[in-house]
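Morning, everyone. I have one chain to walk you through today. Please look at the sequence and the model first.

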Amino acid sequence: MHDVATHDDSKGQYFWVWGALLVLTAIEVVLAYKQVFAAKRMLEILMILSVIKSALIIGYFMHLKFERALMRWLLVISVTACFIIMYFFFFPDAGRVMPPPNGVGLP
Amino acid sequence: MADATLQHDVVGHGVPGEYEAPLFGAYSKKVGMWLFLASDSLTFGALLFAFSYNRIYTVPWPTPFHVESIINATIMTGCLLSSSLTMVLGVFAAQRGDRAWTRYWLLATMIFGTAFIVLHGMEWSKLIGEGLTIPGFMTALGVAAPKSTGEFADISRNVPQFPQAFFGLTAMHMLHVTIGVIYLGVIAFRKMFLAILGVIWIAAAFLIPSGNVFHYPVHALGIALVVAAIILFLKPKDYDAHDVEVCGLYWHFVDLVWMFIFPLVYLMSTKI
């Protein structure tokens, strides 16, 4: 029997992925701590970094990179399509910015 | 991925169509777990979208997380990332047939997961003690009255969407991590884990004071104990490398979800 994680890959690459995930996390924390960007740009950058981190986790730790192409694409496309649909349901309405009920501002 | 159990020439063909080629080239447990994770990702996706919706809709959005909270959440992130590495090493050990090291790596993963839960629980208790509460919910849990003044009490009063979204999202994730640790324990220690879980449950029930938010929720461990006992006694088996790998998929998913919660909930609400 041979299995998903016994292909040609070595253990070393998982340590590299782990290191990359820690470095990306550190970059996120520094960006937030230093408040380098305005809120909207910061959100965009943090989400891009999160998508990169999740791709590393799904691809390497969860081994989806080494699965059959049909399984890989079916899972990724179906979940992504659901998120896109959710986006169009939620966010046009969220743009109707309302003031807080009692008008008291918070920091 | 190929697996000997999936090859056509090693299975019988008495009933036409009974042993069709697996569509995804993977064993059924793994496909089942992937499908569960796909559906669970939509649950978390909806919660993350709801959090983001609240954040955009509510102006101004509170930014209550000071340096200590960010440091705490960063350590929690490090715990989860490290637990994913030990999980991968556990899967490798299981595929080598090295039972001892499989158990060690799974134990290391459980320790990191438990550290995450404890740190998160401490963070929750601190925030609640300082007044960040969901109106009415704490009374139902029998939690001692938190501060009625101060920054967090003001947030709870003026922007109740914040504690609702924060606690809703992080509680769902914490529940998943807890289930993951128990799942790992069952795979690694089998029936022996029932005794361990029982001791942890009883100890936690006595040690967590009655005013703490986790005083009643800790009894979820008792429910988990019953469920684990039913599984282990009704279908006793020696968990193999496939079971470890499927368990690992679940654990990595829990890690993956946190990669979105951490920046969205904590880093976007920092107060430096």
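Where is the place of Gly211(B) in chain B? It sits in the loop between helix H7 (191-207) and helix H8 (220-234).

Before more, the ground rules. This is a predicted model: local features need pLDDT of at least 70, side-chain atom pairs count only at pLDDT 80 or more, and totals for chains, interfaces and linings use all residues. Residues are numbered from 1 along each chain as its sequence is written, and chains are lettered from A and ligands numbered from 1 in the order in which they are written.

Now the overall picture. Chain B has nine helices and zero strands. Both are DSSP runs, numbered from the N terminus: helices are H or I with at least four residues, strands are E with at least two. Of its 272 residues, 39% count as buried. Buried is 20 or more other C-beta atoms within 10 Å of the residue's own, exposed is 12 or fewer, partly exposed is in between, and C-beta atoms are placed from the backbone.

Is Gly211(B) buried or partly exposed? Gly211(B) is partly exposed, because it has 15 other C-beta atoms within 10 Å. Its C-alpha atom is 14 Å from that of Glu130(B), 81 residues apart along the chain.

Next, contacts: two residues whose C-beta atoms, placed from the backbone, lie within 7 Å. In chain B, 73% of the contacts with a separation of 6 or more link residues 24 or more positions apart.

Two helix pairs, both with H9(B). Start with H1, residues 28-57, and H9, residues 241-266, of chain B: the axes come within 10 Å and cross at roughly 10°. That makes H1(B) roughly parallel to H9(B). Axes are lines fitted to C-alpha atoms, for helices over the stretch in contact, with angles from 0 to 180 degrees between N-to-C directions. Under 35 degrees counts as roughly parallel, over 145 as roughly antiparallel. Among the residues that meet are Trp34(B) and Phe44(B) from H1(B), and Leu249(B) and Phe253(B) from H9(B).

How do H6(B) and H9(B) run, parallel or antiparallel? They are roughly antiparallel. The axes of H6, residues 161-189, and H9(B) come within 10 Å and cross at roughly 160°. On the H6(B) side, the contact includes His173(B) and Tyr183(B); on the H9(B) side, Trp251(B) and Trp258(B). Tyr250(B) in H9(B) meets H6(B), and Tyr250(B) is also listed in the contact with H1(B).

Conventions. Angles under 35 degrees count as roughly parallel, over 145 as roughly antiparallel, 65 to 115 as roughly perpendicular and the rest as oblique.
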